[in-house]
Each structure stands twice: as C-alpha cells, then as structure tokens.
Amino acid sequence: MALEGLQERYVNFYTDFAFKKLFGSEVNKDLLISFLNALLSGEEEIKDLTYLNTEHLGEHEEERKAVFDVYCVNEKGERFLVEMQKAEQRFFKDRSVYYSTFPIREQGPKGNWNYELKAVYTIGILNFSFDDSDPNYYHHEVKLVDMKTMKVFYDKLTYIYLEMPKFRKTENELENLFEKWLYAISHLPALMERPKALREAVFEKFFRVAEIACFTQQERVAYEGSLKNYRDWYSIAETAEYRGWERGHSRGLAEGRAEGRAEGRAEGRVEGRAEGRNEEKRLIAENMIKMGMTVDDVCRITGLSMEEVENIRP
C-alpha cells in the first residue's frame with residue numbers, strides 16, 4: 001500500500017483509527033479526560049477513567065449486540081459512551097437511546113439490589129447536522145424533563161450531541177477550553193502546526209500523538225486504510241445526495257410549471273433531500289457489503305432494515 005500520498009501533517013479525527021488512537025487508548029486517556037471535563041464544565045470533574053469492553057451482548061444469545069466506539073467509567077462509577085459519527089443515520093436518535101440501555105442494565109448486580117444507579121453519559125461527536133432549525137445551535141444536552149414544570153426529572157441520564165459542522169468560530173474567537181477542543185477536532189487535518197491559541201499542555205500532547213510522521217509503519221498502514229474508508233464513505237454519500245437532489249429537483253420543477261415555479265422548487269428541494277438520503281444509504285450499504293461487512297453491521301450503521309439490505313445484496 002502506497003503511503004507517500006499522505007499530504008497532511010495530522011490525522012483526520014473522523015477516521016476510526018484516529019478517533020480510537022486519540023480518545024480510545026489507555027496511553028492517551030488524559031486527552032479524553034481533558035475533553036470530557038471541558039465538555040461537562042461545572043457539572044463533572046473526572047480524575048481518572050477506566051476503559052471497558054466496547055462489545056456488549058443482549059441478555060439472550062438471539063438478541064442484538066451493541067459495539068461502542070469508546071466506553072469507560074470514572075472513579076465514581078459513572079459511565080461514559082463516546083461515539084464519533086461520520087454521517088447521518090436513519091434512526092440515529094433511536095440507536096443512541098438503545099446503546100444507553102446497556103450501561104444502565106449492566107449496573108444491576110445479582111442478588112438483592114435497591115436499584116440505585118450511577119450516572120450514564122452518552123456523547124456524540126457528529127460530523128453532520130441533524131437539526132436545521134438553528135444554524136448556530138450545535139451543543140445539545142438532553143435529559144428527562146417534567147413537561148409541566150420544565151424541571152429535570154432524572155439527572156443521571158444525559159445525552160450530549162455536538163453538531164461539528166455548525167461550529168464555525170475562528171482561532172481568535174475561542175473563549176474557553178471546550179471551544180479550543182472543538183476547534184482542534186474540526187481543523188486537525190488542515191493544520192500544519194499547533195495554533196497559538198491552543199498552548200495548553202494537553203494540546204501539545206494531542207498534536208504530537210496526531211502527527212502522522214511519528215507513526216510506526218504499522219500505524220501508518222492502518223491509518224491509510226481508515227482514511228481510505230472515510231473518503232470512500234464521504235464520496236459515496238456526497239454523490240448519492242447530489243443525484244437524489246437532482247432527480248427530485250427536476251421533478252419538482254416539472255410539476256411546478258403547472259402549479260407555480262415557487263412551489264415546484266420547494267417541492268423539488270424537499271423530495272430531493274429525501275430521495276438523496278435514501279439513495280445515499282443504499283449506495284453506502286452496497287459498498288459496505290462489497291467490503292465484506294455483515295448484514296447486521298450494515299443495518300446498524302445505515303439505519304436500513306434487514307430486508308432492505310438483503311435486497312441490495314447480489
């Protein structure tokens with residue numbers, strides 16, 4: 001495999017290899033601790049983390065399993081699921097809630113138990129936007145709330161989602177450690193040196209660990225493969241979305257001539273987005289099947305049903 005094609009100095013955070021090297025390895029857990037403390041500023045102060053098994057099975061053999069990106073527990077017994085998502089999935093929120101049930105259920109010991117639970121945090125670093133209502137609202141924190149009083153009903157279950165494409169602050173606009181982390185994650189592959197605003201000791205290590213030139217030959221090969229998968233995924237998604245939008249837009253324009261140009265364009269955009277997303281998922285699924293991935297994994301990642309994936313298989 002040719003490695004000289006790598007032009008960037010630092011890894012792309014959204015590749016599986018880079019995410020797990022930076023945030024999912026024991027030797028670099030201080031990076032994850034710093035990120036989580038910055039994210040949970042005022043709510044939590046993590047002193048230490050222990051990485052847990054990322055593959056979880058249901059209570060019965062026939063039940064579906066869950067494979068987490070990063071799963072760890074702090075010194076107080078609180079659980080943290082940290083997921084990196086490259087692209088939007090059909091049932092993204094459902095999957096997120098489903099995954100959070102595993103660290104809840106596993107806290108139940110055998111024998112007598114009073115049902116006391118430790119807090120569970122599900123954190124998604126998303127390379128896409130799922131909420132188009134506000135272009136500046138990128139930091140979502142979700143809890144169980146009493147709808148009448150609007151007070152938190154249960155504070156031990158928290159879902160945090162970071163829509164990274166919406167974070168557009170420049171280096172000079174960064175105000176705190178949390179924003180510095182988001183800037184570092186977003187801009188990592190485009191940087192040729194550590195930004196002046198990111199002079200904290202933790203970022204010195206972050207950029208050192210992320211530097212491709214410091215990788216072993218085995219790590220470089222692994223990263224190149226992970227980067228290729230990411231680029232293939234991105235290319236397929238972008239092409240599928242454009243083709244779907246183009247077809248939907250054309251159909252909307254044709255119908256719009258009879259019902260009005262404005263309405264036709266609006267319908268074309270709406271249908272195009274929907275058809276584009278469906279086409280994107282089908283093409284991604286087809287590519288994943290060619291790569292040898294199981295039907296179960298394809299369903300989990302794309303959000304397609306098992307029947308839909310089976311129909312795609314040759």
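A nonpolar core is a set of buried Ala, Val, Leu, Ile, Met, Phe, Trp, Tyr and Cys residues joined through side-chain atoms within 4.5 Å, where buried means under 20% relative accessible area with a 1.4 Å probe and protein chains only. The model shown is predicted, so that local features need pLDDT of at least 70 and side-chain atom pairs count only at pLDDT 80 or more, whereas totals for chains, interfaces and linings use all residues. Residues are numbered from 1 along each chain as its sequence is written, and side-chain values use heavy atoms, with hydrogens and water left out.

**View 1. The largest nonpolar core and its most connected members.** Of the 55 residues in this core, F13, L22, F23, L32, F35, L36 and I125 touch the most other members. Helix α2 (residues 29-39) supplies the largest share of the core, 7 residues; helices are DSSP runs of H or I with at least four residues, numbered from the N terminus. Another core, of 11 residues, lies apart from the largest one and includes I284, M288, I289 and V298.

View 2. Because 9 of its 11 residues are buried, α2 is largely enclosed by the rest of the structure.

**View 3. Packing of α2 against α4.** These two helices pack at an angle of about 125 degrees with their axes 8 Å apart, the axes being lines fitted to C-alpha atoms over the stretch in contact and the angles running from 0 to 180 degrees between N-to-C directions. That angle makes α2 oblique to α4, given that angles under 35 degrees count as roughly parallel, over 145 as roughly antiparallel, 65 to 115 as roughly perpendicular and the rest as oblique. L31, S34, F35, A38 and L39 of α2 make the contact with L177, F178, W181, L182 and I185 of α4.

**View 4. Packing of α4 against α5.** Helix α4 (residues 177-187) and helix α5 (residues 201-210) pack at an angle of about 10 degrees, with their axes 12 Å apart, and α4 and α5 are therefore roughly parallel to each other. In this contact, L177, K180, W181 and A184 of α4 meet V202, F203, F206 and F207 of α5.

Note on methods: Contact means heavy atoms within 4.5 Å. Buried means under 20% relative accessible area, exposed over 50%, partly exposed in between (1.4 Å probe, protein chains only).
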